[in-house]
Amino acid sequence: MNHLDITAIRNLLAIHKTVTSSIIKDLISEHRPKRQKMTALYERYKVTDHGVPIFNRTFEDRNKINNKINNDFFSEIIDTKVGYFAGKPIAYNLDKTMYLVNQKLAEDRYKKHTGIISDFNIRNNIEDMDAETAKKAAICGYAARLLYIDRSGKEKVINIDPWEVIFIADGSIGEPQYALRYYHIFVRKDDKQVSRTKVEWYDNWNITFFIEDEDGSYIL
C-alpha cells in the first residue's frame, strides 16, 4: 500500500471542503515513480522486447555469436509464488459460532448466508480473480480491486491495474482513508482523438470524477 501524507491531505480537504485539481496533481506527481516502476516490472513479467533488459543489450562486434540461453527467472519466480499461494483456491466461509439465536434459526441463516457467498464467488469467478490478484501483488508490490453494484443490483468485483491506483492511509495496517484511480482515455477535440487523464476520487461516502483539460488541470 502506498502510504502518503494523510495529515497534509486532511488539512487541504478541510480547507477546500473537497479534493482539488492541485491535490490531484500533487498525488499523481508523487506516485509517478512508483507507477513507472510497476509498469516496467509488469512488462518484464510479460517478457516484452522493451521490458527485459537483456533484449536491449548491444555489442561492439555485431557479428559476435552469443550462445547463452535466455532463462527468465523473474517470471518463473512470480509464477511459482502465485502457484504456491493461490494454486489451491482460497476458501471463503462463515464462523458458524456467530449464529447462536437458536439451533434451527441459526442453521437456516447460516445456509442462507453461505449461499450468498457462494453465489458471489461464482458470479465474479473469484478463483481466477484471486490468482490474478496474487500475481499483480507479486509483480508490483500491491494489487487493487474495485467493488461495485451492477445494473441488476448484484455485488461485483473486478481487478484493476495497481499502477492506476493511489491508496492514501495513515501508515497503520487499517483501511485507507482515501483512494485515487487515474487512467488515460481518448476524447474528441476538433475532430481529433486526444489523450486525457480521467480521475476517480473515493472517500467514505462518494466517488467524484474528474477529467484533465488542455491546461493539465482536473475539472469536475
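The model is a predicted one, in which local features need pLDDT of at least 70 and side-chain atom pairs count only at pLDDT 80 or more, while totals for chains, interfaces and linings use all residues. Residues are numbered from 1 along each chain as its sequence is written, and side-chain values use heavy atoms, with hydrogens and water left out.

A nonpolar core is here a set of buried Ala, Val, Leu, Ile, Met, Phe, Trp, Tyr and Cys residues joined through side-chain atoms within 4.5 Å, where buried means under 20% relative accessible area, exposed means over 50%, and partly exposed covers what lies in between, with a 1.4 Å probe and protein chains only. The largest nonpolar core has 18 residues, and of these Ile139 and Phe167 touch the most other members. Two or more residues of this core come from each of helix H2 (21–45), helix H3 (73–86), helix H5 (126–140), strand E1 (144–149) and strand E3 (165–168); helices (H or I, at least four residues) and strands (E, at least two) are DSSP runs, numbered from the N terminus. Another core, of 16 residues, lies apart from it and has Ile23, Ile24, Ile166 and Tyr182 among its members.

Next comes the packing of two helices. Two packed helices are described by the angle between their axes and the distance between the axes. The axes of H2 and H5 come within 9 Å and cross at roughly 115 degrees, where axes are lines fitted to C-alpha atoms, for helices over the stretch in contact, and angles run from 0 to 180 degrees between N-to-C directions. Met38, Leu41, Tyr42 and Tyr45 of H2 make the contact together with Lys135, Lys136, Ile139 and Cys140 of H5, contact meaning heavy atoms within 4.5 Å. By class, the residues of this contact divide into 6 nonpolar, no polar and 2 charged; Ala, Val, Leu, Ile, Met, Phe, Trp, Tyr, Cys and Pro count as nonpolar, Asp, Glu, Lys and Arg as charged, and the others, Gly among them, as polar.

Some single residues complete the picture. Thr208, in strand E6, counts as buried because its relative accessible area is 19%, and, leaving aside residues up to four places away in sequence, Thr208 touches Val199, Glu200, Trp201 and Leu220. By contrast, Asp190, found in the loop between E4 and E5, is exposed at 65% relative accessibility, and its phi is near 55 degrees, a positive value in a residue other than glycine. Asp191 lies in the loop between E4 and E5, is exposed at 69% relative accessibility, and has a positive phi near 65 degrees.
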